[in-house]
Each structure stands twice: as C-alpha cells, then as structure tokens.
Amino acid sequence: MTTQEIVSKLWNLCNVLRDDGITYHQYVTELTYILFLKMAKETGAESQIPEAYRWDALASKSGIKLKKFYDELLKYLGENGAGRVREIYQGAATNIDEPKNLEKIITNIDNLDWYSAREEGLGNLYEGLLEKNANEKKSGAGQYFTPRVLINVMTRLVKPQVGERCNDPACGTFGFMIAAHQYVSDRSDSFFDLDADTADFEREKAFTGCELVHDTHRLALMNAMLHDIEGEIILGDTLSNVGKSMKGYDVVLTNPPYGTKKGGERATRDDFTFTTSNKQLNFLQHIYRSLKADGKARAAVVLPDNVLFADGEGERIRVDLMDKCNLHTVLRLPTGIFYAQGVKTNVLFFTRGKTDKENTREVWFYDLRTNMPSFGKTNPLKKEHFAEFEAAYEAKDRHAVQDERWSVFTREQIAEKGNSLDLGLIRDDSIVDYEDLPDPIESGEEAIAQLEEAVDLLMSVVKELKSLESAEV
C-alpha cells in the first residue's frame, strides 16, 4: 500500500466524525493526538510516553471506558508529558463525543499497513495528510500550506548547507524547514556519518520556526518529530517582542500570512525602524534584520504584490531592504496557486550584505504570471513550470539569458520609479494594447480632411462639366 493510499484511508475516516460536528481542521488535530501514539509505537520511540498511556493501552479499551481513558490521556500528557510530547498535547481536548466513533478511528488506524508506511516514511504520510487538509477548501487550512513544488524550488535555489541555521518565522505546519532538512540530507553524502556535535546541531538547532496558531503549532511539532527534527518551534507571534530573539540566521525560507493587524493596530515589536500595520511589510523587516550580516546569509520569501509598490513606510522598507541586502531576484508568481485565488504573489530572493548600504545594484525579474495557464486544483503547479526560471536564476551570466520573461532594472532605474518593485511583467496577449490603436480624435480629424478633399474634387469635376456644356451651346 502506498503512502497516498494510506492518506486516503485516513482522510476518509473524517466521515465518521461528521455527526459529531467536527471540522476538517479539528479532524486533523484529533488524528494527530491518536497518530502520535501509534507512530511512537511503530518507530520504537515510546520511551517518552508513560507505559500506562501508550498505544496498546488505548487500543485495548472500548465504549465509555475508551472515551474516559482518552480524555484522561490527553490531559495527563499535556500536563505531565516530557519534552515534545508535552508540547504536542498541551491544552489538548477532544471534540469526539460518541465513543463508537472514537473506537472506529482507533481500530482503523491500528489496521493500516504500517509496514508500508514505515518503508515510505511516516513523515511523508503525515505531510500527505496535511496537504490533503490544505487542498480541502472547507477546512480553511490552505492559509497554512504553501504548494510543495514552490517550497522545493525556493529551497533548491537558496541551497541550505550542513552547519547553517535555518528559520521560518511564520512556519505553519513546518513545510519549509522539512524541505530544507531534506535538501541538506540528500546532498550531504556523509549526513549520517557526521561527527557527534554536528549531528546534534543538525537535529536540535539547524531548523527552527515560530507559529502563532496553537493547533497549527501542534501539527508543526508532530511534522518535525516525524522527520527527526528537534529544533525549537516557538508558539508565539514573530511580530511581537517574542521575535526580537529570532536572529543570526544563515537561511530564512517563509510565506508570511497576508493582511493587516486586526483592528489596524500597530505591530507590537518595539525594535522596528519603520512602523506600519501591514503584516507582510513587518515580516519583511523582521526577515532581513534576522539574517547574519556576513555577506552570505540569504532568504527567499513569498510576498503579495502590495509589498512591491506600497508607498510611505512601504517605500522606506524597500529602500532599507535594498541598502542592507542584495535583492537580486524577484519571481512574479502565477495567480491561483494559493487558497485565496485572487491574491497575486511574488518570491523575493536576497542576500544580507556585510554593510548596511548600497548592497543592491540591480534586480532581476522573472514573469511567471503573464500569459500563463490558470492554476488550481484541476491544473496544479508542477516542477517543470519553474524550469526556465531556475535556468535563468542559476545562469553564470544572467545578461546572456535569452528569455522574454527575464528582465533587469538597475538601482537607479528603480529609484526613478519611486522605488517601486512592481516591474518585470511582459505584454499580456489577452489584453488589447490600446496604444497601438489609432487615436480616435486624430482619426476623426483625418477622415474629415479626406472627406473635404473628396468633396472639393467632386465640386471641381461638376464645375468642369458645366463649363463644357456651356461651350457646346
């Protein structure tokens, strides 16, 4: 049985809980509570869980006794568990009221093909479940999930390395850090033969994040654990003073939440140079300030179009970004790839300079938006859609790349445009270019002139005919 088949079986169990009024997102959280115990048993990692509250104890009960024990288990592990166990179960409470439903879910999970699941990777199984939840519009979870193909492209181009500190300040279910961890392990021949200190660093400190929403934070913890990552995942708001300690990173990969602070209040961080209620602009400030000023620390960040052209503090933040960092590439993303269909987004790639001035000399733009097909559930974004962009990005001589979607603007040209980065879009073939059409006023005047010439010619002909008639008489 493949991971996809197991994910489908797990997802279909949500139908059992409909009568309990449980939402898709609540269902994934419920599954997390239960799957954690089963996966701990399957991986031989039950030492962190008291024997009385392990999987076998849960699976041995039924009916009312099962329901009472499950409630007791959640409370105990949330209050008395150790390390990550306590983090995952902290504040946990079940929404399942019917004991038969709970029993059916536990029985079905117990009967899954766990040998195949282990072979393909329990982390992959769990991520598949999170992706299924994100793609279900009714779940509302899409806001926490960036398309995996985009995550992988950003990670490949940023190239995290062994020994580097990677962070996602708005980590959702931890997808970017999972990808970064996978990238490092896949490209390090000796990843599993690292010396003890480096191995501990990779497991405990290399991949970290911060997430504001409690249930999503719980999913991130579970995802990290299943990928053998023990790095700190803070439950909190990066835009509060909690975020002040998040700095000194080599790599940042993220897709911050969109919108403004509720009620329009200002960000509570007291160390930002520029004050704005725009979340993305504040995240952008945080990100480039959180990078090491060593000329090598780098970031790839998904941001909506308004960040590219917002005036006032928006312009000042862009100028500060281009001063402190080399903003070398902006990828204009297609529409329809995120849960909010109308949102137009971009990926900003930049490297922190050693100084705070004149680090950006020119910015390259790639237009993957104009004249592209409509993406969505029936036509998902694929790796091959990024192939030409990746080739241009990686080119040794970017100026030699022959691609109409690839363009460059100098820092001086950008300054002349009011420091707007809303640039690099090619001609849209679906829109009539009215500049190429004749001016209606000029065309009218020309037509009148031509008509007058014709009338004059006609009158002269008539006059000539009359003169000929007079001569004959």
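Predicted model: local features only at pLDDT ≥ 70, side-chain atom pairs only at ≥ 80, totals over all residues.
View 1. Q280 belongs to helix α13. The side chain of Q280 reaches the backbone oxygen of P257 at 3.4 Å.

**View 2. Helix α13 beside helix α15.** Two packed helices are described by the angle between their axes and the distance between the axes. Here, α13 covers residues 279-290 and α15 covers residues 313-324. Their axes come within 10 Å. They cross at roughly 20 degrees. That angle makes α13 roughly parallel to α15, because angles under 35 degrees count as roughly parallel. The crossing of α13 past α15 is left-handed. On the α13 side, the contact is made by L281, L284, Q285 and Y288. On the α15 side, G314, I317, D320, L321 and K324 take part. By type, the contact residues of α13 and α15 divide into 5 nonpolar, 2 polar and 2 charged.

**View 3. K67 in helix α4.** Helix α4 runs over residues 63-80 and holds K67. Is K67 buried or exposed? K67 counts as buried, since its relative accessibility is 14% and burial means under 20%. Leaving aside residues up to four places away in sequence, K67 touches T94, I96, D97, P99 and L102. Two of these partners deserve a second look. With I96, the side chain of K67 reaches the backbone oxygen at 3.4 Å. With L102, the C-alpha atoms are separated by 7.3 Å. K67 and L102 are 35 residues apart along the chain.

**View 4. K38 in helix α2.** This view turns to another lysine. K38 sits in helix α2, which spans residues 24-42. What is the relative accessible area of K38? The value is 3%, so K38 is buried. Which residues does K38 touch, not counting those up to four places away in sequence? They are W55, I109, D110 and W114.

**View 5. D228 in a loop.** Most residues other than glycine have a negative phi, and most peptide bonds are trans. D228 is not a glycine, yet its phi is positive, at about 60 degrees. Where is D228? D228 lies in the loop between helix α12 (214-226) and strand β3 (233-235).

View 6. Is E358 buried or exposed? E358 counts as exposed, because its relative accessibility is 59% and exposed means over 50%.

**View 7. The whole chain, as a setting for the close-ups.** The chain has 473 residues, and buried residues make up 50% of them. How many helices and strands does the chain have? Its secondary structure comes to 18 helices and 9 strands.

Conventions: Residues numbered from 1 in each chain as written. Heavy atoms only, no water. Axes fitted to C-alpha atoms, helices over the stretch in contact; angles between N-to-C directions. Helix = DSSP H or I, 4+ residues; strand = E, 2+ residues; numbered from the N terminus. Parallel < 35°, antiparallel > 145°, perpendicular 65-115°, else oblique. Left-handed = near helix turned anticlockwise from the far one by under 90°. Contact = heavy atoms within 4.5 Å. Nonpolar A, V, L, I, M, F, W, Y, C, P; charged D, E, K, R; others polar. Polar contact = N/O pair within 3.5 Å; in protein donor to acceptor, adjacent residues only side chain to side chain. Buried < 20%, exposed > 50% of the residue type's maximum accessible area, 1.4 Å probe, protein only.
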